Amino acid sequence: MGKLQLFEIYLSNSRVIYSPGEPLSGTVNLRLGAALPYRAIRVTCIGSCGVSSKANDTSWTVEEAYFNSTLSLADKGTLSPGEHAFPFQFLLPTTAPTSFEGPFGKIVHQLRAVIDTPRFSKDHKCSRIFYILNPLNLNTLPDIEQPNEATTTKKFSYKLVKSGSVILTASTDLRGYVVGQAVQLRADIDNQSGKDTGPVVASLLQKVSYKAKRWIYDLRTIAEVEGSGVKAWKRAEWREQILVPALPQSVLPGCSLIHIDYFIQVSLKAPEATVNLPLFIGNIAVNSPPLSTGLCLSGLPPPLVPTAPPEDLDTAASGPCPVAHVSLPTKSHSQQQQPSARPFSYMAGPSSPEAEPGPEEGSPGRRQPPLCLSTGATVPYFAEGPVVPMPTASNLILPPEYSTWDYPYEAPPSYEQSCSSANPGLSNGN
């Protein structure tokens, strides 16, 4: 089997996840079948980010280094046959960013060991990847516990003469969530026209921005749900919720080449009207108890009995028209949750993540697994403390499978654009 039978890096207690500022220790283990002369044995701790303009390309266009430390474990000598262990320890910097891997770039932290052999002999090398997680505490973000709301108005003509408008208002109960929480979505559609609208669609979007020679945007639809359209002269309210699957956190502090953003996008197909609600996904939940569906509905006035639209459209166009309030039903989901409304999770594993149902509703053992695998990436993800999805009368929305994906370059508006009423793309659809 040759002189070198085993050459590997072992981390203490078989740890995989570390926090910035923590010590990282382990040993470099060797097993030799014969004596091995060497000039030096070294181990290096490296943290870096690389970004490419081509998908799945390891030839980086832009790189960014975070730390690079080398320890000399042994100087010039000869190793005898048998097993050897060389201990080492590094102190990870407090500014080290969270690990991430995507199609156009990655943040990688690893250990590399090398046996520098005498001249004309081949050097021996090995490496081991470890992960750094800098948890995002949602409570440190301003106004994170406040509802998130956006409104847009779309005008259109009826029979080329009579004009009408549709006002689309969408809101969520919070501005930040952790894995396993349900985004409580509410859409209010005020159809002030004599024409029916198209269906309303709500999507959870993930936008990963990579800074190569130019910014590259990887935009994915994580989950999607569709509601019915609104009849003429009706005002409808649509309530749904989207369960947050295992996803990378929104912020990668310390990294300037990769940015992760999330949006809830609510849109009408006809007339075309869209609002975007930016939100954060973190590791430590907002310190406010989630409201049950019953509590959400208890503070609302009872829906009015629908009334017929005006018979004379000419009269309706010339003056204000009474608008009836109705409840809008859901037509379809991207993926359907079983009626038991169990929590959804991803367990870490070497292959693609699979959905694993949790304990039954009300079970005392229901909790979020400590280690998850993110959708569309290979990053370990932690959720601190128990995460209990809130009870619901609707089915929860789960993410679709991503064995293939498209590469769109168009990204949703920025946070400032989506929250600004002065943006013509969001306030007026002429």
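Asp143 is located in the loop that runs between strand E9 (124-132) and strand E10 (148-158), and in this predicted model it has a positive phi of about 55 degrees although it is not a glycine. With a relative accessible area of 47%, Asp143 is partly exposed.

**Other backbone features in loops**

- Asn13, which is likewise not a glycine, has a positive phi of about 60 degrees, and its place is in the loop between strand E1 (4-11) and strand E2 (17-18).
- The relative accessible area of Asn13 is 69%, and because the cut-off for exposed is over 50%, Asn13 counts as exposed.
- The peptide bond that joins Ala270 and Pro271 is cis, with omega at about -5 degrees, and Pro271 is found in the loop between strand E17 (258-268) and strand E18 (273-282).

**Strand E14 and its partners**

- Of the 12 residues of strand E14 (residues 200-211), 11 are buried, so this strand is largely enclosed by the rest of the structure.
- E14 is joined by 12 bridges to strand E15 (residues 215-227), the two strands running antiparallel, and Leu204 has Ala223 as its bridge partner in E15.
- Between E14 and E15 there are 3 residues, and the two strands form a hairpin.
- E14 also pairs with E17 in the antiparallel sense, over 11 bridges, and here the bridge partner of Ser209 in E17 is His259.

**The open sheet E1-E3-E6**

- An open sheet is formed by 3 strands in the order E1-E3-E6, with antiparallel pairing.
- E1 and strand E6 (82-91) are the edge strands of this sheet, each pairing on one side only, and the twist from one strand to the next averages 15 degrees.
- Within the sheet, E1 and strand E3 (residues 23-32) run antiparallel and are joined by 7 bridges, and Ile9 stands opposite Val28 of E3.

**A buried asparagine**

- Asn283 lies in the loop between E18 and helix H1 (293-298), and its relative accessibility of 2% means that it counts as buried.
- A polar atom of the Asn283 side chain lies 2.7 Å from the backbone nitrogen of Leu136.

**Nonpolar cores**

- The largest nonpolar core comprises 76 residues, and those with the most contacts inside it are Val28, Phe88, Phe130, Ile258 and Val266.
- Strand E4 (residues 36-51) supplies the largest share of this core, namely 7 residues, while domain 1 (4-132) and domain 2 (138-282) each contribute at least three residues to the core.
- Apart from this core lies another, of 6 residues, with Leu138, Leu141, Ile144 and Val286 among them.
- Which residues does Phe130 touch, not counting residues up to four places away in sequence? They are Leu11, Val16, Tyr18, Leu24, Cys45, Phe67, Leu92, Ser99, His109, Gln110 and Leu111.
- Val28, one of the residues with the most contacts inside the largest core, is also the residue of E3 that stands opposite Ile9.

Methods. Residues are numbered from 1 along each chain as its sequence is written. This is a predicted model: local features need pLDDT of at least 70, side-chain atom pairs count only at pLDDT 80 or more; totals for chains, interfaces and linings use all residues. Side-chain values use heavy atoms; hydrogens and water are left out. A nonpolar core is a set of buried Ala, Val, Leu, Ile, Met, Phe, Trp, Tyr and Cys residues joined through side-chain atoms within 4.5 Å. Buried means under 20% relative accessible area, exposed over 50%, partly exposed in between (1.4 Å probe, protein chains only). Helices (H or I, at least four residues) and strands (E, at least two) are DSSP runs, numbered from the N terminus. Domain bounds come from an automatic or database domain assignment. Contact means heavy atoms within 4.5 Å. Two strands pair if DSSP finds at least two bridges between them. A polar contact is a pair of N or O atoms within 3.5 Å; within protein, one must be able to donate a hydrogen and the other to accept it, and residues adjacent in sequence count only if both atoms are side-chain atoms. Axes are lines fitted to C-alpha atoms, for helices over the stretch in contact, and angles run from 0 to 180 degrees between N-to-C directions.
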